[in-house]
Amino acid sequence: MSKKLIVLISAAFTLMAALTIMAFTGTKSAENEPDRLRAHVTTQAQNLLEEMTLREKIAQLIVIRANGSYYAEDHDEFRHLARMVEEYQVGGIIFFRGDVYNQAVLHNHLQMRSRIPLWISQDMEFGAAMRVGGTTRITPAMGVAATGNPRWAFEKGRITALEARAIGVHQIYAPVVDVNNNPQNPVINVRSFSEDPETVSMFAESFIKGVQSQGLISTAKHFPGHGDTDTDSHTALPTINRSYADLSETELVPFRRVIDAGVESIMSAHISFPRIASDPAMPATLDGRLLNGILRDSLGFDGLIVTDGLEMQGIAAHYAPGEAAVLALNAGSDLLLLSPDELTAIFQIEEAVQRGEISEERINKSVMRLLEHKINHGLMRRADVNINRISRLINTRSNQMIADQIARESITVVRNNRDILPIRPDLYPNVTVIAIANSSSGTVGAGFRTALNQYHPNISFHLYDDRTSREELEQAVTSARGADLVIIGSFLPLTTGQPITFKRAQKQFVDRITALNKPTAVVSFSSPYVISEVPRADVHMLAWTSLGSHSEAAAAALFGASEINGRLPITIPGLYGRGEGIHIPKTRLRADYPEAAGLSAEGLYEVNRIMNRAVQDSVFPGGVVAVVKDGILAYQEPFGYHDYNKRRPVRNNDIFDLASLTKPIATTTAVKMLVDEGKISLDDKVGTHFSEFRQGNKDAITIRMLLNHTSGLPAYRTYVDRHRTKPAILNAILNEPLINAPGETVVYSDLGFILLGEIAERVSGQPLDQFLNRNVFYPMGMSDTVFNPQRRGRWTVNRILPTEVDTVYRNTRIRADVHDERAYYMGGIAGHAGLFSTAADVARFTQMIMQEGEYNNRRFIQSETVQDFTRRSEGNMGRALGFDLKTLGGFTTAGALSSDDTFGHLGFTGTSFWIDPERKLSVIILTNRTYPHRGTSAGINRVRSAVMDAVIESVID
């Protein structure tokens with residue numbers, strides 16, 4: 001490098017520093033003299049240009065391939081890249097597959113070797129994750145358009161550019177602004193926003209503005225349009241036989257819009273347009289009539305024109321590398337991407353200039369455009385990547401949350417026969433899922449399978465891919481034959497050389513499955529048009545891709561854990577028109593980040609501190625806390641161990657003895673359902689069911705009094721020192737004298753709820769556990785909520801925390817048997833205790849209550865009944881019906897910050913839940929605080945109160 005060139009680069013550095021200072025200080029110069037600043041940039045670029053040889057200028061226009069992988073400096077690939085940068089001085093790198101840190105490090109190595117900083121570009125149509133592992137993957141363009149919200153296109157562009165910039169990328173090859181008006185298009189498809197030019201224009205413009213908000217260049221592609229072809233230009237040269245008038249009404253509409261909006265780069269298409277081209281067989285990339293004539297002159301575009309990859313067969317099969325490079329420059333291209341022979345391209349362009357086939361002035365124009373961008377982007381000041389900043393910018397929780405929300409809102413359902421969606425496990429207890437893929441990895445659909453298992457306990461999964469045997473296919477058919485519902489997932493990729501529809505054998509297999517006449521749902525994780533090949537399916541759902549969070553989004557949508565509101569941006573011939581889509585509301589809980597529910601993750605860490613301190617102070621051996629807000633399970637964390645041996649840590653799916661949470665979750669729920677059915681009334685006399693309550697003061701006791709603990713019965717009697725059978729204990733309760741007049745005094749009583757459980761059994765005609773399993777727990781997906789869990793076997797028992805070392809009655813370590821002695825001797829099933837569950841299942845119950853009795857697309861309890869049972873009213877003396885109410889004034893385990901209408905319940909073993917209806921919030925705490933000995937409840941009560949307040953303080957206003 002000459003001394004003068006070094007000085008010029010230094011001057012460019014000084015200029016950029018000045019621009020930065022003026023921009024950030026808001027000086028008058030920055031406001032009033034943009035033309036002068038642009039002139040300075042142009043002058044600096046011109047000075048740099050004048051110091052370059054012809055070959056150096058040509059090399060600046062060459063963009064070569066690199067993978068963002070680790071290479072030792074003596075690796076052949078590293079040596080090749082270093083040689084191209086140092087010796088031949090290429091102007092740019094286009095990165096392909098890699099990961100965050102390896103690409104950043106390689107970028108820095110190459111920039112350090114480059115005399116003029118390199119211009120870095122990358123394909124990022126689906127977010128940076130399209131090429132870079134560890135970054136945020138975002139919904140394909142068509143899925144974004146299905147949301148109907150251009151804001152998501154802006155956010156997609158913004159996040160993509162933010163992450164790209166963090167690893168040194170300057171130019172993004174996105175968005176695709178092709179109008180996908182040919183359903184047989186094998187290469188554009190979901191990469192396009194729509195078949196409608198206006199929709200493409202609107203979403204593309206928003207994406208571009210998002211990219212520009214981060215200071216990067218966005219590239220609209222593929223000019224003049226790649227949508228109306230059934231040939232992949234990677235493998236051959238497509239032809240679009242349309243007139244200029246036709247193109248002007250469709251394909252060119254988005255290009256005009258983005259040019260007017262200030263897009264800075266456009267990529268050409270390797271497609272021939274015989275009706276408007278100078279040569280009917282010439283690709284647009286090489287045709288001056290299209291690039292110089294239409295794009296530059298007619299549309300007035302003065303930015304960077306970039307070729308699509310010159311190694312693609314649409315070019316390489318018809319033109320030699322040097323020939324293609326010369327033609328592309330003469331046609332109007334500025335940057336030449338991926339020549340199959342970069343050195344030949346450089347040398348032959350130089351020879352063409354020397355022969356007069358292309359002017360040096362033409363070369364200079366393109367080099368000036370690139371140099372001005374390099375100066376404007378501050379590359380003369382600092383071209384390297386700050387490795388230390390990467391973790392603060394890439395794949396952050398905020399980025400991922402936005403990507404997740406776009407994925408959820410993109411899900412589109414265009415058919416829902418039999419109202420299958422949202423899927424109810426009680427109506428479809430056996431589900432067969434078949435994933436169809438053109439792959440031999442054996443892993444396709446695994447993420448979908450995992451996501452489905454969160455919502456249904458009995459999923460049978462089968463994969464039909466290139467390695468599937470005939471025997472495995474027969475197993476899938478047998479499974480489908482015995483299923484109540486079949487879900488077919490199409491995982492056909494948009495990959496060069498691969499079909500976007502089912503192969504013949506796949507189609508025959510799918511027809512065989514649908515011929516079983518089972519309720520069938522088809523979910524397309526790729527081309528939306530594939531659903532037309534399964535016309536008999538009851539459900540047609542479009543998920544756009546299986547990558548990123550789309551498998552989770554599709555599973556959540558299928559089971560009602562997220563709202564469905566997507567609309568088709570295209571027409572599916574013979575089936576659905578553009579704009580069609582079915583709205584299906586959210587009906588059940590979904591796990592998500594705290595911020596998705598308006599909670600601060602940092603604020604919730606105070607819960608961790610409280611619980612860890614409690615474990616350290618031996619308030620309990622272990623526990624789990626769950627927080628539900630706005631229909632989202634926003635927090636679920638385990639703490640401590642099963643016991644003080646500290647050999648088995650608590651897991652989120654561990655099972656706890658709920659103790660008195662049995663009262664609201666089991667017994668009160670059963671009573672509410674029987675009230676709704678008209679089988680009992682709250683004002684029915686208990687004597688209706690027990691003759692012992694038909695005399696004396698007991699004759700006045702009602703169901704309502706048992707529920708709000710004003711029956712006059714005592715709180716507690718041991719009984720089991722004399723009575724160790726259910727009939728004997730029940731008889732003792734029935735003959736227990738009252739300690740207060742009915743309806744006058746609140747005395748929290750286990751005895752009253754034992755009677756309520758018995759009443760529920762007699763009225764329903766079923767044992768309490770069977771009634772609840774059939775009518776509540778199973779249809780709600782509360783698969784870990786059970787009486788007598790030891791009957792389920794070892795896998796369940798191993799997840800249960802012990803509750804006590806009993807030295808009085810059972811003389812054993814209590815685990816998987818109910819802790820309460822009366823419930824134990826009543827067979828493990830009682831109205832006051834006996835239920836076991838997980839924090840997630842209790843969260844589902846609290847969400848059902850917050851949804852006023854509806855959950856999972858089923859109404860369990862009438863809304864008015866839920867309100868009657870949970871409201872605070874005059875005369876109920878601090879108790880609701882089956883629920884406790886927050887104590888107003890003084891200490892309360894519901895916390896000082898919860899609303900006055902907060903209700904819930906406590907359990908003796910260290911369990912609790914509180915529901916704050918004003919905030920749509922519930923907090924669940926499950927512990928085994930009675931292990932190894934029950935002690936007092938003072939410690940756990942302080943924890944309950946502190947956790948509730950910590951959660952409420954984490955609410956983001």
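This is a predicted model: local features need pLDDT of at least 70, side-chain atom pairs count only at pLDDT 80 or more; totals for chains, interfaces and linings use all residues.
How many of the 15 residues of helix α24 are buried?

**Stop 1: helix α24.** Select residues 662-676. The helix is mostly covered, with 13 of its 15 residues buried. Now check its length: at 1.5 Å a residue, a helix of 15 residues should span 21 Å, and the end C-alpha atoms sit 20 Å apart, so the two values agree. Next, pick out Thr668, where a kink of about 35° in α24 is centred. Step just past the helix and you reach Gly678, which has a positive phi of about 80°.

**Stop 2: strands β16, β17 and β18.** Select residues 622-629 for β17 and 632-640 for β18. These two strands run antiparallel and are joined by 8 bridges. Look for Val625, which stands opposite Glu637 in β18. Together β17 and β18 make a hairpin with 2 residues between them. In that turn, click on Asp630: its phi is positive, about 55°.

**Stop 3: the largest nonpolar core.** This core has 124 residues, and the ones touching the most other members are Ile93, Phe223, Ile266, Leu295, Leu335, Leu337 and Ile363. Its largest share comes from helix α8 (residues 150-166), which supplies 7 residues. Apart from this core lies another one, of 83 residues; Leu756, Leu768, Ile800 and Ala880 are among them. As background, nonpolar side chains in soluble globular proteins tend to be buried together.

Zoom in on Leu337 next. Leaving aside neighbours within four places in sequence, Leu337 is in contact with Val63, Ile94, Tyr173, Met267, Val306, Thr307, Asp308, Gly309 and Leu310.

**Stop 4: helix α14.** Select residues 321-331. Which residues of this helix are buried? They are Gly322, Ala324, Ala325, Val326, Ala328, Leu329 and Ala331. To see what they pack against, show α12 (288-298), α13 (313-316), β9 (336-337), α15 (342-355) and α16 (360-376). Leu337, from the previous stop, is part of β9 (336-337). Finish at Gly332, which follows α14 and has a positive phi, near 130°.

Terms used:
Residues are numbered from 1 along each chain as its sequence is written. Side-chain values use heavy atoms; hydrogens and water are left out. Two strands pair if DSSP finds at least two bridges between them. Helices (H or I, at least four residues) and strands (E, at least two) are DSSP runs, numbered from the N terminus. The expected span of a helix is 1.5 Å times one less than its number of residues. The bend at a residue is the angle between axes fitted to the seven residues ending there and the seven starting there. Buried means under 20% relative accessible area, exposed over 50%, partly exposed in between (1.4 Å probe, protein chains only). A nonpolar core is a set of buried Ala, Val, Leu, Ile, Met, Phe, Trp, Tyr and Cys residues joined through side-chain atoms within 4.5 Å. Contact means heavy atoms within 4.5 Å.
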